[in-house]
Amino acid sequence: MNLIDRVIAHPGRMVVPLMGFPGTQLTHSTIWQNEFNARMQFETIAALVDRFKPDAAFFMMDLAVEAGAIGLPVVFPQNESPTVKHHPVHTIADLDQFRAIDVLYDGRVRTYISVMEQMAAALDIIKGAYVIGPFTLAGLMMGATELAIATIERRDLVHAAATLATEVIIPYGQALVAAGADTVCILEPTATFISPHAFDEFSGHYVRQIFEALDTIGILHICGDTQHLIEPMCATGAQGLSLDAPLDFPAAIAQMPEDVVLIGNLDPVRVMTNGSPAEVRAATHKLLEDMAPYPNFILSTGCDLPPETPLDNIAAFMEAGRAT
Amino acid sequence: MDPILEAMREDVLDGDQESVEDNVQAALAADIPAGTILTEGLIAAMREVGELFEEGEYFVPEMLIAARAMKGGLQLLKPHLVAADVQPAGRIIAGTVQGDLHDIGKNLVCMMLEGAGFEIIDLGTDVPPEKFVEAAQHEQADIIAMSALLTTTMPNMKHVISALETAELRQSVKVIVGGAPVTQTFAESIGADGYAPDASRATALAQSLLGLA
């Protein structure tokens, strides 16, 4: 069933906060433990589902899985998101080092596939997986500044890196679907800083290929202010767009076809982390009110919630979301 | 406007570093004062780049290559500016805070500030508070500009401000902050002097804090 049909068939609004990290408060674990141990991460996600009863659950957002799997140097702090430390790709020939690698043999890739298998076996809500976006993975290979400049001066290099990224992402995504993912969400934050035309050429083109290769509901998530990218994002074949707090949601959804679902966008830091439960409730009510005319909307947060997000605030968000 | 400076402006907008450098040489050969080349050529062009960004005509890649072209011209001009005793608009220490390796936002801010005539001391990424303090002591900077992309590293901005207070330097330097998760409210809560949502507005903020605009 398509995402739009699921959303329309659902009684009341679907409520799906993008949470993973705050679950470490429930399992008293570190982010590091969850990134390496599939059972640990499953327990964390299951604890969140049990506590907050969302309509869908994703595993943890981790933009370093595919990067690490192809051998980019990743730093793993105990309680923060991992980061790629160096960006070794400067020429097309530099990409050759990655070509023989089969990402499905990587330990952390296997961890996330196993998390999804456990989620599929135990949870009776929509199960979602994340994969990195092709332009974002190209950025981790090349460095964001070099990638940005290359979109103008070395387009062949960007295309070569994004093509290789796509070849890495597709088998991983297919394995996640085989493991039981009902939806795969492509995380493409680096695309926020390029023009609509450049998005179409360097990201959208490859995102479309990934969605076509995955037999599942495709969602595209880009953080930050993406007002200028809504049209090309819809052209990727995404069934849902998960967009961030800076966007004016009624204005955004007005630009979208009615069969594409808009997902978001309570501010994950200003409201969900730093606000009080009363402020969370007020902001949630306001968003629901603004989006009332639109059936193709899922109430969510603009981006992934930080680990320190107060659990009372997530409860307030769910409560306010359910009250409609 | 002098046709050489007009050509230089267009070269910056096109991101054509080689032509900018050629036109800086041509302007110097035509005895245009170095200060005039800077303000009416390079700075004027970067102001326009900032406007085009705010209008949604330019995006980060276009801004980066324009700033790089400007920087090429500025390098050639620097000895002449020193010889003519042209002072920078101000001296700014910039860096991404400890624990954070993201640099594109900080780089853009540095380039735009440089394009507005500021002197930049770029400390890079993952900069611990003591390094900001040390630089503030030795460089006699007017402003410290900090960037963070991660919500987990934002609190380190407060640690830098506290370290400046401990070193009794807080009164002598302005502190500005930015980065995707940073907001005006957050900036106020940690006692920063200002917040800018993007590189173009960081320039206006720095100018306003130093009474230049």
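Select A:Thr226 first. In this predicted model, A:Thr226 touches A:Thr192, A:Met233, A:Leu243 and A:Leu247, leaving aside residues up to four places away in sequence. The residue sits in the loop between strand S7 (217-222) and helix H12 (230-234) of chain A. Colour by accessibility: A:Thr226 comes out at 0% relative accessibility, so A:Thr226 counts as buried.

Step across to A:Leu243. This residue belongs to strand S8 (residues 240-243) of chain A. A:Leu243 is buried too, with a relative accessible area of 0%. Show its contacts, again without residues up to four places away in sequence: they include A:Ile222, A:Ile230, A:Phe249, A:Leu262 and A:Thr301. Now set a C-alpha to C-alpha distance from A:Leu243 to A:Pro295. The separation is 17 Å in space and 52 residues in sequence.

**Aromatic rings**

Next, display the rings. The whole structure has 7 aromatic pairs over all chains. Pick A:Phe59 and A:Tyr130: the ring centres are 6.3 Å apart and the planes stand at 65°, so this pair is edge-to-face. A:Phe59 is in the loop between strand S2 (56-58) and helix H5 (65-69) of chain A, while A:Tyr130 is in strand S5 (residues 126-132) of chain A, so the pair ties together parts 71 residues apart in sequence. Ring pairs link A:Phe58, A:Phe59, A:Tyr112 and A:Tyr130 into a cluster.

**Salt bridges within the chains**

Switch to charged side chains. There are 21 salt bridges over all chains. Start with A:Arg155 and A:Glu201, whose side chains meet at 2.8 Å, N to O. A:Arg155 lies in helix H10 (residues 155-178) of chain A and A:Glu201 in helix H11 (residues 196-213) of chain A, so the bridge ties together parts 46 residues apart in sequence. A:Arg155 is partly exposed at 43% relative accessibility; A:Glu201 is buried, at 17% relative accessible area.

Move to helix H14 (residues 277-291) of chain A, where A:Asp290 and A:Lys286 are 4 residues apart, about one helical turn. Their side chains form a salt bridge of 2.8 Å, N to O. Both ends are partly exposed: A:Asp290 has a relative accessible area of 27%, and A:Lys286 is at 49% relative accessibility.

Now go to chain B and select B:Glu114 and B:Lys71. They form a salt bridge with closest N and O atoms 3.7 Å apart. B:Glu114 is in helix H5 of chain B and B:Lys71 in helix H4 of chain B, so the pair ties together parts 43 residues apart in sequence. B:Glu114 is buried at 8% relative accessibility; B:Lys71 is partly exposed at 34%. Then pick B:Glu6, B:Arg9 and B:Glu48, which salt bridges with shared partners join into one network.

**Between the chains**

Finish at the interface. The contact involves 18 residues from chain B and 21 residues from chain A. Chains B and A bury about 1600 Å² between them, with 73% of that from carbon and sulfur atoms. Highlight B:Phe59, B:Pro61 and B:Leu101: they supply 30% of the area chain B buries against chain A, more than any other three residues.

How many salt bridges cross this interface? The rule finds 1. Select A:Glu153 and B:Arg68 to see a salt bridge of 2.4 Å, N to O. Also across the interface are 2 residue pairs in polar contact. On the side of chain B that touches chain A, helix H4 (60-83) and helix H5 (104-115) of chain B each give two or more residues. H4(B) gives the most, with 6 residues. By type, this side of chain B divides into 8 nonpolar, 7 polar and 3 charged residues.

Definitions and conventions:
Residues are numbered from 1 along each chain as its sequence is written. Chains are lettered from A and ligands numbered from 1 in the order in which they are written. This is a predicted model: local features need pLDDT of at least 70, side-chain atom pairs count only at pLDDT 80 or more; totals for chains, interfaces and linings use all residues. Side-chain values use heavy atoms; hydrogens and water are left out. Contact means heavy atoms within 4.5 Å. Buried area is the accessible area (1.4 Å probe) that two parts lose on being put together, summed over both. A salt bridge is a side-chain nitrogen of Lys or Arg within 4 Å of a carboxyl oxygen of Asp or Glu. A polar contact is a pair of N or O atoms within 3.5 Å; within protein, one must be able to donate a hydrogen and the other to accept it, and residues adjacent in sequence count only if both atoms are side-chain atoms. Ala, Val, Leu, Ile, Met, Phe, Trp, Tyr, Cys and Pro count as nonpolar, Asp, Glu, Lys and Arg as charged, and the others, Gly among them, as polar. Rings of Phe, Tyr and Trp (its six-membered ring) pair if their centres lie within 6.5 Å; planes under 30 degrees apart count as stacked, over 60 as edge-to-face and the rest as tilted. Buried means under 20% relative accessible area, exposed over 50%, partly exposed in between (1.4 Å probe, protein chains only).
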